[in-house]
Amino acid sequence: MRRRSLLLFLVASLLLPILVSCGGKKRPPPLPPSSQPSPKKTGRPVSKKPSGPPLKPRAEEGPRIRLLLRENFSSFTVRGSTLAPLLTARAKNGKIILRKSEDESGEILGTGTGFSLVSADPSKLLVLDGSPYRGTIEIFVNPLSAPVAVNEVDLEEYLRGTVPNELHPSRFQQIEALKAQTVAARTFAFYHLGLNVKRGFDVYADERSQVYSGAKVEHPLSDQAIAETSGVIVTYDGKPILSVYSSTCGGKTESYAGMFRRDLPYLKGGVECSDEISPFHSWEANCAGSKIESALNRRAAFGHLRKIETLKRGVSGRIIEMKLTGTKGEAVLRGNEIRYTFGIRSTLIEHLDTGKDRDGNITEIRVKGKGWGHGVGLCQFGAVHLATKGFDYERILRHYYHDIDLKGNH
Ligand SMILES: [Zn+2]
């Protein structure tokens, strides 16, 4: 049975917000959708119940997922809830204050550590700061004392607000590529269910996980890809895989170990990939030595940049270990650290040369490189290319993830 990572508190009245419970139980290991029990449909949240489990609306079937929409916020607005047509949520001194209206002049609807908002009209969605969201919006102080806003929604509906951000269906109309992207995104979500309980959510709604924008980005073609792969996930050894993906690998994928220093058997990398259709397949960039020096001097005494050495390349040819020598110290950068420090799209660097000042300090680094992103797992532009060559989504997934199975109704 599913559980609630945080039981939420409903506004009972203007006077007495009621604490129902504040748990921290871990979710059971995620199951493939086909073996998930169907949650029972419950009534809408009601107020004035001093004890007992919170009543929440549930979908007819399928798992739900919790997305972090706001963390350590000062305020935001929500339209369309049962509490008020328009309310403002503010975080102050470890409490959440809900007011009727957009400013401090509105009457206080409740003050407490947690609220669950549902739509007043089932045919309409809740709107947070102008963006509509399916499901419920929970506003609470998490067990780490951070005020957060979390959208809890059916996992399939979460995909409707995610897939178009990751592979835009207007630009990429190859349905099998969209289906491969959908299954990768669904699997990524499954993998993370229950892994962030202490913070009260499963995944971020941004690049830290997958970019989720709620209902405003839904598109008929990505909806079709989601429906046609309903519930399908990628597994290895019977468990959902960490199905990472990136925009453009640049010709060959990297191993998970190369970029993230942990070996995953289904992400060995070294996969040949044709992604010349990507505008990021090849690129050139100029990096200022001073920016790299600033970043390194923030970590430890480094001084001026004098020397750049490649220590190790991964299976894709990416630089996965690099040594930088400064006038006051040296630094070894690994994996993604390199591209963030240099501010470049990827570390599949084919050519690098430097410009120096009269003192021998590196002032400019000219880079010719390939790809965009970490280059591990599915390559989005490569998937689009394979779809145009007639690969179906399963074949695309098997191209990028090693020794996998698909579970669900495929
Ligand atoms: Zn590629």
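This is a predicted model: local features need pLDDT of at least 70, side-chain atom pairs count only at pLDDT 80 or more; totals for chains, interfaces and linings use all residues.
At 54% relative accessibility, D403 counts as exposed, a label given to residues with over 50% relative accessible area, whereas buried means under 20% and partly exposed covers the range in between (1.4 Å probe, protein chains only). D403 is found in the loop between α9 and β22, where helices (H or I, at least four residues) and strands (E, at least two) are DSSP runs numbered from the N terminus. Its phi is near 55°, a positive value in a residue other than glycine. A positive phi, near 50°, is also found for the non-glycine residue N72, which sits in the loop between β1 (64-71) and β2 (75-79) and counts as exposed at 55% relative accessibility.

Residues are numbered from 1 along each chain as its sequence is written, and side-chain values use heavy atoms, with hydrogens and water left out.

The secondary structure of the protein comes to nine helices and 22 strands, and 53% of its 410 residues count as buried. Of the contacts (heavy atoms within 4.5 Å) with a separation of 6 or more, 64% are accounted for by residues 24 or more positions apart.

Helix α9 (residues 393-400) has Y393, I396, L397 and Y400 as its buried residues. Seen down the axis of α9, these fall within an arc of 95°, so they line one face of the helix, the arc being that of the directions from the helix axis to the C-beta atoms. The buried residues of α9 pack against α3, β12 (233-236), β21, α8 (380-388) and β22 (405-407). In helix α4 (residues 220-228), the buried residues are L221, S222, D223, A225 and I226, and the buried residues of α4 pack against α1 (155-160), α2 and α3.

The zinc ion has as its protein donors C249 (SG), C273 (SG), D275 (OD) and C379 (SG), at 2.2 to 2.4 Å; donors are N, O and S atoms within 2.8 Å of the metal (3.2 Å for Na, K and Ca), and sites may look incomplete because water is not among the atoms. The four donor atoms subtend angles of 97 to 127° around the zinc ion, which makes the arrangement tetrahedral, a class that requires all angles of four donors to lie between 85 and 135 degrees.

Q174, in the loop between α2 (163-166) and α3 (175-192), is partly exposed, with a relative accessible area of 25%. Leaving aside residues up to four places away in sequence, Q174 touches V384, A387 and T388, and its C-alpha atom is separated by 8.9 Å from that of H385, 211 residues apart along the chain.

The largest pocket has a volume of about 1000 Å³. Of the 39 residues that line the largest pocket, E166, E207, Y245, S246 and H374 are the closest to its centre. Pockets are open sets of points on a 1 Å grid over the protein atoms alone, with protein on both sides within 12 Å along at least five of seven lines, whereas in a cavity a 1.4 Å probe fits but cannot get out; lining residues have an atom within 4 Å of a point. Grid points are joined across faces, edges and corners, and a volume is the space filled by probe spheres set on the points.

Terms used
Four donors count as tetrahedral if all angles lie between 85 and 135 degrees; four count as square planar and six as octahedral if opposite donors are over 155 degrees apart and all others between 65 and 115; anything else is irregular.
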